[in-house]
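Morning, everyone. Please have the structure open while I talk. I'll start with the overall layout and then go residue by residue.

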Amino acid sequence: MHDYVVALAADYGYVTALETTLKSIFYHTPNVHVYLANMDIPPEWFRNINQKLSPVGSQLHDLKIDLNQMAIGKVSWQHINGYSYVRIYLPQLIEAKRILYLDSDVIVRHSLWPLLKFDLQGQPVGMAHEINCAPYNTGVLLIMNDGRQQI
């Protein structure tokens, strides 16, 4: 079990954007564990990345999931698919005290450690406030995972 982890969810068709996100995470945030929830990304892809990460103390974990086994909703928006719902299940999928969920197209420009350690003052989830858009952005979620959440 890790105290602080970062989690993403994507399929192999999104791997180009995902690699950009991962590079930005690992460049700015050393010694971090990142979990990638996926159904179809080959283990060799993870091995290659982890070989490059070993000198900096970070690791990318292959978190295989089955979207067909998750009770997920259906929406009519093209940009929302089954992977959009994985963030809801993260407390059940990952053993960590805190999980920072990031959408797979986020660019990290600073260390994530201050955000991972941000004081949520007892709240179970923290979301980024969106400027000039919807009130909140669920593409960045800090989830407390103390074992009490039930989905």
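**The layout of the chain**

Read along the sequence, the pattern is β-α-β-α-β-α-β-α-β-β. That gives four helices and six strands in the chain. One caution at the start: this is a predicted model.

How much of the chain is buried? Of its 151 residues, 41% are buried. Now the contacts. Take those between residues at least 6 apart in sequence: 68% of them join residues at least 24 apart. Several examples of such pairs will come up.

**Two helices side by side**

Look at helix α1, residues 15-28, and helix α2, residues 43-53. Their axes come within 13 Å and cross at roughly 20°. Parallel or antiparallel? An angle under 35 degrees counts as roughly parallel, so α1 is roughly parallel to α2. The crossing of α1 past α2 is right-handed.

Which residues meet there? From α1 we have Val15, Leu18, Glu19, Leu22 and Phe26. From α2 we have Trp45, Ile49 and Leu53. Sort that contact by class and you get seven nonpolar residues, no polar ones and one charged.

Move on to the loop between α1 and β2. Threonine 29 lies in it. Is threonine 29 buried or exposed? Its relative accessibility is 0%, so threonine 29 counts as buried.

What does threonine 29 touch, leaving aside neighbours within four places in sequence? The contacts are Ser58, His110, Ser111, Leu112 and Trp113. A polar atom of the threonine 29 side chain lies 2.9 Å from the backbone nitrogen of leucine 112.

Asparagine 31 is in the loop between α1 and β2 as well. Phi of asparagine 31 is near 55°, a positive value in a residue other than glycine.

**Between β2 and α2**

Next stop: aspartate 40. You will find aspartate 40 in the loop between β2, residues 33-38, and α2. With 41% relative accessibility, aspartate 40 counts as partly exposed.

Which residues does aspartate 40 touch, not counting those up to four places away in sequence? Asp11, Tyr12, Lys64 and Tyr83. Zoom in on tyrosine 12. Its backbone nitrogen lies 2.8 Å from a polar atom of the aspartate 40 side chain. Aspartate 40 and isoleucine 65 are 25 residues apart along the chain, with 9.1 Å between their C-alpha atoms.

**Further along the chain**

Let's go to helix α3, residues 86-93, where proline 91 is found. Proline 91 has 17% relative accessibility, so it counts as buried.

Isoleucine 107 comes next, in the loop between β4, residues 96-102, and α4, residues 113-116. Now think back to α1. Isoleucine 107 touches Thr20 and Ser24, not counting residues up to four places away in sequence. How far apart are isoleucine 107 and serine 24? In sequence, 83 residues; in space, 6.0 Å, C-alpha to C-alpha.

Past α4, there is glutamine 121. The loop holding glutamine 121 runs between α4 and β5, residues 125-129. At 66% relative accessibility, glutamine 121 counts as exposed. Glutamine 121 also has a positive phi, about 50°, although it is not a glycine.

**Into strand β5**

Buried or exposed? Relative accessibility is 17%, so glycine 126 counts as buried.

Glycine 126 touches Leu120, Val140, Leu141 and Leu142, again not counting residues up to four places away in sequence. And here isoleucine 143 is back. The C-alpha atoms of glycine 126 and isoleucine 143 are separated by 6.6 Å, and the two are 17 residues apart along the chain.

**To recap**

Two points to take away. Helix α1 is roughly parallel to α2, with a right-handed crossing. And threonine 29, in the loop between α1 and β2, counts as buried. Over to you for discussion.

Methods:
Residues numbered from 1 in each chain as written. Predicted model: local features only at pLDDT ≥ 70, side-chain atom pairs only at ≥ 80, totals over all residues. Heavy atoms only, no water. Axes fitted to C-alpha atoms, helices over the stretch in contact; angles between N-to-C directions. Parallel < 35°, antiparallel > 145°, perpendicular 65-115°, else oblique. Left-handed = near helix turned anticlockwise from the far one by under 90°. Contact = heavy atoms within 4.5 Å. Nonpolar A, V, L, I, M, F, W, Y, C, P; charged D, E, K, R; others polar. Buried < 20%, exposed > 50% of the residue type's maximum accessible area, 1.4 Å probe, protein only. Polar contact = N/O pair within 3.5 Å; in protein donor to acceptor, adjacent residues only side chain to side chain.
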